[in-house]
Amino acid sequence: PESPVQTTTNSAPPASSSATPASTASVNKADLAFVRALESELRALASDAKRKYANVREKAEAAMLRLKELMDMSTCDSIALQGVHELVQAFVLACAIQGNHKLGLRSVSSLHLLLTRHAVSSELLDDVITSLEKQAAEMDDATTIKVL
C-alpha cells in the first residue's frame, strides 16, 4: 500500500518579513528631496564651520546622522523633522556667530526652508525667531538684499 505522505511542489516562497516595508513605497518624494537638501546644507555648514566653530560643526554632523536615521526609517515628513532638534540648533548656533556672513546667510536660508515646511517644533520657535532677529540686525544692506 502507498504511504499517506504528501509531496509538495515548488511554488513561490511566501513573502518574507525582510521585504521592503510598505512605508518605503509611501515616502513622499518631495519630503525625501527636502531632507536631502537639508542634509546638503548641513554638510556645507559643517564644512564652513571647520575647526573655528567646532560647536556648529558638531551640531551639524549630529543633525546629519539624525536625518540619515529618518531616511532609513522612511519617515521624512515635517512631523518627523520637528523631532530633530539638532537640525534647528545647528542653524541657530550658526546664526549666533557674529561677523561670519557666510554661515549667517546659509543658516537664515535653511531656517526659512524649515519654517515654510512647518518642520520646526513649537518649543524651538522662540530660538529661531531670536536668531533671525539677531542676524537681521547684524546684516548690512548688501547682505540683506542677497537674502531677499
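Colleague: Leaving out residues up to four places away in sequence, what does Met64 touch?
Modeller: Met64 touches Glu39, Leu42, Arg43 and Ala46. Contact here means heavy atoms within 4.5 Å.

Colleague: What kind of model is this?
Modeller: This is a predicted model, where local features need pLDDT of at least 70, side-chain atom pairs count only at pLDDT 80 or more, and totals for chains, interfaces and linings use all residues. Residues are numbered from 1 along each chain as its sequence is written, and side-chain values use heavy atoms, with hydrogens and water left out.

Colleague: Back to Met64. Which helix does Met64 lie in?
Modeller: Met64 is in helix H3. Helices are DSSP runs (H or I, at least four residues), numbered from the N terminus.

Colleague: Is Met64 buried or exposed?
Modeller: Buried, because its relative accessible area is 15%. The cut-offs are under 20% for buried and over 50% for exposed, with partly exposed in between (1.4 Å probe, protein chains only).

Colleague: How far apart are Met64 and Glu41?
Modeller: They are 23 residues apart in sequence. In space, the C-alpha to C-alpha distance is 9.6 Å.

Colleague: New topic. How many residues are in the largest nonpolar core?
Modeller: It has 36 residues. Those with the most contacts inside it are Leu42, Leu45, Leu67, Leu81, Leu87, Val88 and Leu114. At least two core residues come from each of H2 (29-49), H3 (54-72), H4 (78-82), H5 (85-96) and H6 (101-116). A nonpolar core is a set of buried Ala, Val, Leu, Ile, Met, Phe, Trp, Tyr and Cys residues joined through side-chain atoms within 4.5 Å.

Colleague: And which residues is Leu114 in contact with, neighbours within four places in sequence aside?
Modeller: Leu114 meets Phe34, Leu38, Leu87, Val88, Phe91, Ala119 and Val120.

Colleague: How do H2 and H5 cross?
Modeller: Their axes come within 11 Å and cross at roughly 40°. H2 contributes Leu38, Glu41, Leu42 and Leu45 to the contact, and H5 contributes Leu87, Ala90, Phe91 and Ala94. Axes are lines fitted to C-alpha atoms, for helices over the stretch in contact, and angles run from 0 to 180 degrees between N-to-C directions.

Colleague: What are H2 and H5 to each other, then?
Modeller: Oblique. Under 35 degrees counts as roughly parallel, over 145 as roughly antiparallel, 65 to 115 as roughly perpendicular, and the rest as oblique.

Colleague: And H3 with H5, at what angle do the axes cross?
Modeller: Roughly 155°, with the axes coming within 8 Å. That makes H3 roughly antiparallel to H5. Among the residues that meet are Ala63 and Leu67 in H3, and Leu87 and Ala90 in H5.

Colleague: Is Cys76 buried or exposed?
Modeller: Cys76 is buried, at 4% relative accessible area. Cys95 also counts as buried, with 2% relative accessibility.

Colleague: Last one. Where is Lys50 found?
Modeller: Lys50 sits in the loop between H2 and H3. Its phi is positive, about 45°, although Lys50 is not a glycine. At 53% relative accessibility, Lys50 is exposed.

Colleague: What about phi of His118?
Modeller: It is near 55°, a positive value in a residue other than glycine. His118 lies in the loop between H6 and H7 (125-138). Its relative accessible area is 59%, so His118 is exposed.
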